[in-house]
Amino acid sequence: MKVLLGVTGGIAAYKAGDLIRMLVRAGHHVRCCLTDAGSRFITPLTLATLSGEPCFGANPEYHEWRPNPRVEHVDLARWADILAVVPATADIIGKTANGLADDLLSTLLLAAECKVLWAPAMNRAMWGHPAVQKNIAVLLGYEHHVVYPASGVLACGEEGTGKLASVEEVFEAIGALGSAPLKQFTGKRVMVTAGPTHEDLDPVRTLTNRSTGRMGIEMSRAFRDAGAAVHLILGGELPAPWGIDTIRVRSAEEMLNACLALWPDMDGVCAAAAVADQRPERFEPQKVKKQDAPETVVLLRTPDILAALSNARTHQWMLGFAAESENLVQNATEKLSKKGLNAILLNDISQGKGFGDHDNCLIPITRNGPGGALGPVPKNQLAREAVAWFANHLEINPLKD
Ligand code: CTP
């Protein structure tokens, strides 16, 4: 992908170097456009060296590539598949939102017909100022995209929201905007459940399981990159991915309520959550003291989220996961029909497989029986393969089952 990186005048400009390295390593073609203010924080030589291209900007000394200097901003704007401004100051955001163009980057931003991504970074009060927020809203209205700033200690010493988002998150957003959509999911609303749930016994003790939520998060990314508007209902501690509307939940009950609230507006669900199957009958509000005699906890069943969605289903497709340690295909096939799913992805969890960061395998199963195994590959690639497989399945079996 051809990435045009606008770098403006903020202390976070030094992080543009790391971003360029990541993009180049991933095989993208990067060109940089540096504003005069940006050049006080990072040099054109740094950007040119890391990108392997001349650095463009208002100052002609920055570069020597000028096929036609009169229309340079148009040439560069047409060259790019994506224009990302990292970091973006309040000034460049305000200029573009108001149609002003007085240097190369601001003219490029008006001339651009490609996707535009903003990664703002500024003081917390500046970021919170209604004028900046209004300008961001204007840019979102132009279908531009934003990687929102993070919270923490800012360069000025104040604490709050305004730090440039992590370079990894900006990199992810650029990759997501450049991904090739699948027609089955373009513009569709997809709900993904992910992660473990926690069923609390008392203020310090909880019942949960070994799921991290990685596979479900990767499924949400894969659906996003396939063109869907994704809603992630997430248990556990992992960070939410960029560009995905995420609702954090703790218990099975909370996950169920979040899912049911979204369900009527969804086109489908991918249920990857490892929902705890039992909860204690009673939550003890005070920490339970240990006793010498054996203790008994009465466990009740948690709601089956997929079964509840199946009952409330109108037009949606349903894709489930089956974590099995024995009689793999038979057990997964039973879940497929019991929960009324279009397809189920069988995950072999015998001998501790399927958890953590290892490569993983999935066997897709439909009413026609099991298909060929996907993987073993890292979970991000596995999720993309699973989504591509499911798109193909929907193509052949368009929601009649
Ligand atoms: N699931 C769910 N709600 C539950 C339990 C599971 O929605 N209370 C979903 C999971 O997200 C997964 C599928 O159902 O998509 C199968 O989950 P799994 O844990 O393999 O099976 P269970 O239905 O819990 O059955 P068992 O534990 O007996 O194998």
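User: What should I know about the model before we start?
Analyst: It is a predicted model, in which local features need pLDDT of at least 70 and side-chain atom pairs count only at pLDDT 80 or more, while totals for chains, interfaces and linings use all residues. Residues are numbered from 1 along each chain as its sequence is written, and side-chain values use heavy atoms, with hydrogens and water left out.

User: Ok, which residues are closest to the ligand?
Analyst: The ligand is surrounded by 15 residues, of which A271, A273, D277, K335 and K339 are the closest; a residue counts here if one of its heavy atoms lies within 4 Å of the ligand.

User: And how does that shell split by class?
Analyst: The shell has 9 nonpolar, 2 polar and 4 charged residues, where Ala, Val, Leu, Ile, Met, Phe, Trp, Tyr, Cys and Pro count as nonpolar, Asp, Glu, Lys and Arg as charged, and the others, Gly among them, as polar.

User: Which atom of K339 lies 2.6 Å from a ligand oxygen, backbone or side-chain?
Analyst: For K339 it is a polar side-chain atom that lies 2.6 Å from an oxygen atom of the ligand, whereas F321 places a backbone N or O atom 3.0 Å from an oxygen atom of the ligand, and I305 has a backbone N or O atom 3.0 Å from a nitrogen atom of the ligand.

User: Switching topic, how does the lining of the largest pocket divide?
Analyst: Its lining residues, those with an atom within 4 Å of a pocket point, comprise 18 nonpolar, 14 polar and 8 charged.

Notes. A polar contact is a pair of N or O atoms within 3.5 Å; within protein, one must be able to donate a hydrogen and the other to accept it, and residues adjacent in sequence count only if both atoms are side-chain atoms.
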